[in-house]
Amino acid sequence: MLALLGATTLMLVAGRWVLPAASGEANLKPENVEIHIIDDNFFLKWNISSESVRNVTFSADYQILGTDNWKKLPGCQNTTSTNCSFSSVELKNVFEKIELRIRAEEGNNTTMWYEVEPFVPFLEAQIGPPDVHLEAEDKAIILSISPPGTEDSIMWATDRLNFRYSVVIWKNSSSLEERTETVYPEDKIYKLSPEITYCLKVKAELPLQSRVGYYSPVYCINTTERHNVPSPENIQINADNQVCVLKWDYPYENTTFRAQWLRAFFKKIPGKHSDKWKQILNCENVTTTRCVFPRNAFPSGIYYVRVQASNGNGTSFWSEEKKFYIEMKTVIFPPVISLKSITDDSLHVSVGASEESENTSGNQLYPLIYEVIFWENTSNAERKVLEKRTEFTFLDLKPLTVYCVKARALIENDRRNKSSNFSDTVCEKTKPGDTSKTWLKAGICTALFSIPVVIYVVRLFLRCVKYVFFPSSKPPSSVDEYFSDQPLKNLLLSTSEEQTERCFIIENASIITEIEETNEIDEVHKNYNSQTSQDSGNYSNEDENSGSKISEEFLQQDSV
């Protein structure tokens, strides 16, 4: 053990003489006192001024600081060497600050006590090398590691289960191909080759205290020849909320398999725990490379599973152990959400279980919390709420604005943050506010009053289009009546001219017919002249005079 002591161990050299040295004591006094603590073992070393002094012995005492009750230190009484050792078991409490003192004795002469600065043994102790036991398989080495210290150790009594072990392993033929693994006290190193000599060394650590111990001596062992029944490989396990499926690979048929499980915390306990492995339900003497067992066969926790093959030639070694997290493998279905507008500035969100989740009991095993993400549809700014409740109300929103929401379920107090996928996104528009309602009413009223105006304008526009592009071939009735009541020539007469009737005395009735025929011709002629006058803008009374002349001619002929 002393060979492990070096510069990295505790060295306490500070000290003081309580009284001046008497005459002749200068050559006997201890100097450069050092204390090394490894596990429960204390090593006290010192020097003396003169190596030629003989027949000198040394003794050491200790006391708990503040008690003023010095006790003899076992193992360090009347020793003739310049070192001694003792166990922390003798101290009974390694968490109290203690003091040490040492003096030299020669016959009846003694030196004054030399006191070492007080210290707490636990805080200054170093982690020693663990004990290691090895067993070989064809492709693996079984490790059995004993924690540093002894079984009745008080130095690491509270930390025996907290040690973490680091292994460095290499082929004996090539130390350059080293690999380092973290292992449990009872563990295996896999992926080795048959009939090869492997060497390894192990050290213990306390990660929470940032303490690293000494490496153990190097151990070497030969792996066995290849086993005639190979072990199953590529172990996989999957689970949903009802069943677990264990699968593996195997190259041969006509083989039966069995599978076992172990609670993970047994791995941290030093010693053998082969009797703690339990048979998995429905996974014994199966002829396929898979087995299915109920999900409720495993309470929540962390487990290891392993598989073994058997045929007519024998039984294989156990497969590589597969770590299995029940919580991690549990499937959590996304929730179903509904969104409802309550007022113009608030929305209500309800979160419920999906149909798949209601049909299974998996989610009922764990308390769930819900993460709800809420945002305005036109914005990237999100509100996030993480609560155990299923009803949420979002306030201070904008009227007539679309908002969206999505949610997911998480296992409460789960360190791995196991969660479901997010639900489908649901969007909803808030109700209109008071101002929006006023504008809405005004818009409706304006629309109602505008409809008649629009109809009138449209009709007027259609009439204009009809008049311009599709004129009527018949003059308006008012114009027609006017021209039918008054001859066209009367329109051309001056308003100051009086109209007079002309009378004729006709004695010969035979002449009347001629006159009527003549008048008809004259009437057509008048109409033509009247229209021509109207177009030219000139007035003519020629027709009227002509008519008079004709009448006179007829009268003259009659008289003749």
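Student: In this predicted model, which residues point one way from β28, and which the other way?

Tutor: Leu368, Tyr370, Val372, Phe374 and Glu376 point one way, while Ile369, Glu371, Ile373 and Trp375 point the other way. Residues of both groups are buried.

Student: What makes a residue such as Trp375 count as buried?

Tutor: The cut-off is a relative accessible area under 20%. Trp375 is classed as buried, so its value falls under that cut-off.

Student: Why is strand β28 called largely enclosed?

Tutor: Nine of the nine residues in β28, residues 368-376, are buried, so the rest of the structure largely encloses the strand.

Student: How do you know that β28 and β31 pair?

Tutor: Pairing requires at least two bridges between the strands. β28 and β31 (residues 402-411) have nine, in the antiparallel sense, so they qualify as a pair.

Student: What makes β29 a partner of β28?

Tutor: The same cut-off of at least two bridges applies. Six bridges link β28 to β29 (residues 382-387), again antiparallel, so the two strands pair. Isoleucine 373 has lysine 384 in β29 as its bridge partner. A hairpin of five residues joins β28 to β29.

Student: Why is β7 called largely enclosed?

Tutor: In β7 (residues 98-106), seven of the nine residues are buried, so this strand is largely enclosed by the rest of the structure.

Student: How do you know that β7 and β8 pair, given that β8 covers residues 109-110?

Tutor: The requirement is at least two bridges, and β7 and β8 have two, in the antiparallel sense. Glutamate 105 has threonine 110 in β8 as its bridge partner. The two strands form a hairpin with two residues between them, and glycine 107 in the turn has a positive phi of about 65°.

Student: Which strand is joined to β7 by eight bridges?

Tutor: That is β4 (residues 57-64), which runs antiparallel to β7. In this pair, phenylalanine 58 has alanine 104 of β7 as its bridge partner.

Student: What is the volume of the second largest pocket, and which residues are closest to its centre?

Tutor: The volume is about 480 Å³. Of the 25 lining residues, the closest to the centre are Lys139, Ser231, Pro232, Glu233 and Glu320.

Student: What makes up the lining by class?

Tutor: The lining has 10 nonpolar, five polar and 10 charged residues. Strand β18 (residues 233-239) gives the largest share, three residues.

Notes: Residues are numbered from 1 along each chain as its sequence is written. This is a predicted model: local features need pLDDT of at least 70, side-chain atom pairs count only at pLDDT 80 or more; totals for chains, interfaces and linings use all residues. Side-chain values use heavy atoms; hydrogens and water are left out. Buried means under 20% relative accessible area, exposed over 50%, partly exposed in between (1.4 Å probe, protein chains only). Helices (H or I, at least four residues) and strands (E, at least two) are DSSP runs, numbered from the N terminus. On a 1 Å grid over the protein atoms alone, a cavity is a set of points where a 1.4 Å probe fits but cannot get out, and a pocket is an open set with protein on both sides within 12 Å along at least five of seven lines; lining residues have an atom within 4 Å of a point. Grid points are joined across faces, edges and corners, and a volume is the space filled by probe spheres set on the points. Ala, Val, Leu, Ile, Met, Phe, Trp, Tyr, Cys and Pro count as nonpolar, Asp, Glu, Lys and Arg as charged, and the others, Gly among them, as polar.
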